[in-house]
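This report describes two chains of a model and the contact between them. Please look over the sequence and the structure before reading on.

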Amino acid sequence: MIASLFDLTLCLLILAAAGAAVFGRAAFMAVVFFIVYGILIAIAWLRLGAIDVALAEAAIGAGLTGVLLLAALARITRRIDAPEPSTGPDRTTLATALASLVIASAIAFAFLTLPEPQGLQERVAENLADAGAENPVTAVLLNFRGWDTLLESIVLLAALLGIWTLARDEAWGGRAGPRHVTRPGGVLAQFGRVLPPIGLLVGIYLVWAGSKQPGGAFQGGTVLAAVWIVTIMAGLMQAPRVADRALRAALVIGPVIFLALAVAGVVAGAFLVFPPVHAGWLILAVEAVLTLSIAVTLAMLVFGPPEEEEKP
Amino acid sequence: MIAPSASLLYGLCGAALIGLGLYGFVVHRRLIRRVLAFNVIGSGIFLLFGASSYRDPAAGADPVPQAMIITGIVVALSATALALALIVAYARLAQSGALPEDAAPGADDEDRP
Amino acid sequence: MTSSALPPALALALILTAPLFGALAAMVTGRRGPAIALATVIATVAGILTLLVIIAGDGAFTLAIGGWEAPLGIQLRADGLAAGFIATTALVMGAILAIAGKPFGSGAQERRSAYTFWPLALLLWGALNAIFLSGDLFNLYVGLELLTLVAVALVGIEGKRETLAAALRYMMFALMGSLLYLLGAALLYAAHGTLDIALLATRVGNAPGDIVAAAAITAGLAAKTALFPFHAWLPPAHSGAPAPASAMLSGLVPKASFYILLRFWFEAAPDIAGTSVLMLLGGLGAFAMIYGSLLALHQDRLKLIIAYSTVAQLGYLFFVFPLAGGESAAQPWAAGAWSGAVFHALSHAMAKASMFLCAGLIIEAIGHDRLPGMKGIVRALPMTVFAFALAAITLMGLPPSGGFTAKYLMMTASFAAGQPFWALMLILAGLLAAAYLYRPLALAFALPDEDAPAPKAVSRARQAAPLVLALAAILLGILSAGPFAFIQIGRPGAAVEGLE
């Protein structure tokens with residue numbers, strides 16, 4: 001069967017890319033292979049009928065994680081970034097390899113002996129009309145399991161606070177990240193002029209379409225974050241100060257409104273409820289503010305803590 | 001239409017990725033490589049999870065695991081971002097990309113390119 | 001169930017969202033951390049009091065978030081166990097936030113750690129409350145990740161080389177722990193189509209998938225609870241942070257993963273437990289107890305003694321698995337063993353947080369926490385030393401403390417179960433705790449050196465915070481009948497009449 005041959009090839013490519021990312025000697029090449037690996041995984045998600053996950057994996061798993069890894073590598077000095085010393089196979093690595101093999105086999109065995117699937121496809125479909133989103137994944141994310149998503153949007157902020165707390169005391173309050181110096185005529189500067197309008201459109205479309213088709217706040221937010229990051233790296237804009245009130249308000253507005261909606265349910269003796277009559281526009285509104293907060297948070301995660309000393 | 005055996009294939013691929021990442025997480029001394037291995041394990045788990053929820057192609061993909069996986073991807077990104085920032089901050093102070101207990105004897109020689 | 005749905009929903013909404021709102025507000029405003037923390041304490045405590053009254057009067061209840069029943073939605077579960085942990089957490093957080101105003105107060109200019117401490121501390125509280133109320137294994141995963149990232153950030157908040165190394169080491173263990181937990185949750189959903197704890201209880205069996213899942217979840221949570229051999233990250237992480245952060249990290253954070261273990265083994269998958277697995281968990285706990293105690297004896301810094309003591313004290317939480325799990329679950333002593341472990345978790349939370357706060361005040365007074373410098377500190381800090389001594393009584397398990405009640409319950413269960421080994425270990429643990437806590441106490445009461453610099457003064461009000469916690473841990477022992485009955489409310493298999 002053609003389909004199976006394609007799937008088999010894809011799986012082998014995924015394993016090869018993962019192998020290169022894990023075993024490769026030079027850290028830079030390992031990261032490059034990791035990004036390739038992420039894109040291949042995104043294709044696998046398409047094959048598994050999960051377009052929303054494919055978008056999330058491509059944008060966040062491969063794209064943003066790859067950018068974060070590359071940025072971290074660039075910030076660590078050259079000496080530290082030297083390739084792993086080639087230690088021949090000694091006892092520990094052999095034991096680790098054996099243990100990993102045993103664990104992977106146990107997981108594979110558990111997977112192969114799973115009972116008949118009892119998914120929630122039907123239950124989701126039955127309740128979709130009351131959920132306010134036609135895309136079942138969006139309905140699960142925002143409504144059926146909205147509490148997960150609300151907490152998750154706060155997890156992003158927790159990571160950002162953790163990163164900010166790594167700033168040096170002298171640099172506190174200043175612009176996030178190192179200063180980006182770009183040649184005015186360089187490729188990045190050109191790219192930075194062309195990309196933002198296109199990216200802006202794509203990002204907003206992903207959020208707007210997300211209630212009916214694949215897409216949503218996290219995928220759209222990532223695209224918007226990417227636009228902002230490129231604009232700043234191209235030198236067209238400066239990164240905001242971490243002490244900037246407007247920045248901080250943008251970071252929290254999504255989770256705050258989501259939390260407020262959760263509390264409003266108390267009036268009906270419930271928690272985090274979208275009344276079916278209003279669910280449609282409420283979900284779109286929550287997604288819109290969440291997208292803004294997610295985009296700003298993701299971009300700030302990439303910039304990192306303020307590095308330059310603040311001059312009062 | 002995807003054959004039922006294909007979801008099996010992706011599930012096993014996920015299990016293999018978990019093993020591969022686990023090996024990398026344990027043997028690497030450089031923290032940045034361990035974070036990378038963490039992400040390989042994570043996507044392996046997600047792939048296994050997604051494949052298991054698509055075993056019955058007639059029923060279509062189960063949206064609940066998909067939503068959980070998207071949540072998981074964002075959580076993994078948050079953890080990765082914090083871990084990498086810690087590594088950068090630590091490397092600045094300690095001039096090392098590995099924890100003190102993992103720095104092999106004579107690591108100074110080995111660390112040269 | 002209550003007649004009106006409003007009060008329970010309001011109580012849960014306050015408990016779940018007040019700390020999160022507080023954290024977000026502190027993240028925006030910058031220099032108003034202490035005031036926001038105070039408002040958060042008031043709102044959360046109002047919710048908790050309502051919840052305690054509802055549960056004591058009408059019994060345990062569940063609330064389907066968004067009105068979506070499991071398996072489609074997430075259920076909040078409010079029972080005696082959840083409320084007990086939530087109430088204890090609020091007490092500990094209140095004391096910590098009260099004392100943190102000075103070290104993390106902002107002047108005219110916003111400072112880095114004075115800014116990040118408040119939202120991080122409030123997020124930690126919000127994550128704990130979310131975990132204690134959640135009835136869904138994936139939702140617990142998200143809560144646990146929130147807790148872990150915040151905890152790692154707090155470990156590294158001083159920004160020194162050693163604390164960053166401690167934070168990274170913790171992060172590596174925590175990352176692996178999360179992945180294992182996630183793997184287990186994925187396999188359980190794949191097999192049973194739900195991650196709701198109550199539904200899983202009727203579906204989980206002994207299939208290979210279930211066993212691999214249980215093993216992965218247990219190993220992942222054990223790594224986050226610092227069970228031997230996953231303990232290496234704990235002492236440097238807990239002792240390196242500033243005292244208010246240490247108090248949260250040592251008193252509260254490991255309790256969350258232990259709480260999930262309790263929920264998993266006794267509620268989600270009660271039938272899966274093999275005797276050998278339960279013995280292994282108990283045995284690792286015993287090992288941790290001896291190892292942590294011996295290392296605590298060898299430390300020369302107060303905070304390290306307290307941190308190694310945590311490794312030991314967390315160890316014997318795990319005695320609950322052989323005593324109340326598997327075949328023991330149906331036996332009459334199981335309730336005693338289970339309650340003993342819960343009492344130990346709660347009294348340790350209060351006593352350990354109190355000790356770290358005491359250590360922080362001592363550092364404020366003498367500038368460091370090396371043991372010789374503590375000589376005669378009782379003259380400068382009488383209330384603090386008294387609080388430390390009371391907390392020590394709880395950790396040693398002497399009457400009339402909550403620690404004593406915990407040990408008494410667990411020892412009775414261990415003799416009834418015909419497993420006297422655990423009782424022996426508990427006695428040994430008490431003796432070792434007495435040994436490693438004797439040194440700092442003896443020094444504190446000794447005559448100060450003539451040439452020692454005069455300690456700086458610490459206000460009475462701030463010395464009161466650890467004293468309140470230490471007294472609460474003692475009161476938990478004196479008034480143990482009430483809390484004992486309360487935590488049984490809603491416990492599966494608990495023989496309490498008139499409740500579901």
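Predicted model: local features only at pLDDT ≥ 70, side-chain atom pairs only at ≥ 80, totals over all residues.

Of the 500 residues of chain C, 66% count as buried, that is, with 20 or more other C-beta atoms within 10 Å of their own.

Local features need pLDDT of at least 70 and side-chain atom pairs pLDDT 80 or more, whereas totals for chains, interfaces and linings use all residues. Residues are numbered from 1 along each chain as its sequence is written, and chains are lettered from A in the order in which they are written.

## Chain C: overall form

Chain C contains 20 helices and two strands, which are DSSP runs (H or I, at least four residues, for helices; E, at least two, for strands) numbered from the N terminus. The C-alpha trace of chain C spans about 70 × 55 × 40 Å along its principal axes.

## Chain B

Chain B has four helices and zero strands, in the order α-α-α-α along the sequence. Of its 113 residues, 71% count as buried. Among contacts in chain B with a separation of 6 or more, 58% are between residues 24 or more positions apart.

## Where the chains meet

The contact involves 23 residues from chain C and 28 residues from chain B. On the side of chain C, the elements giving two or more residues are α5 (137–155) and α6 (161–192). The largest share, 16 residues, comes from α6(C).

Note on methods:
Buried ≥ 20, exposed ≤ 12 C-beta atoms within 10 Å, placed from the backbone. Contact = placed C-beta atoms within 7 Å.
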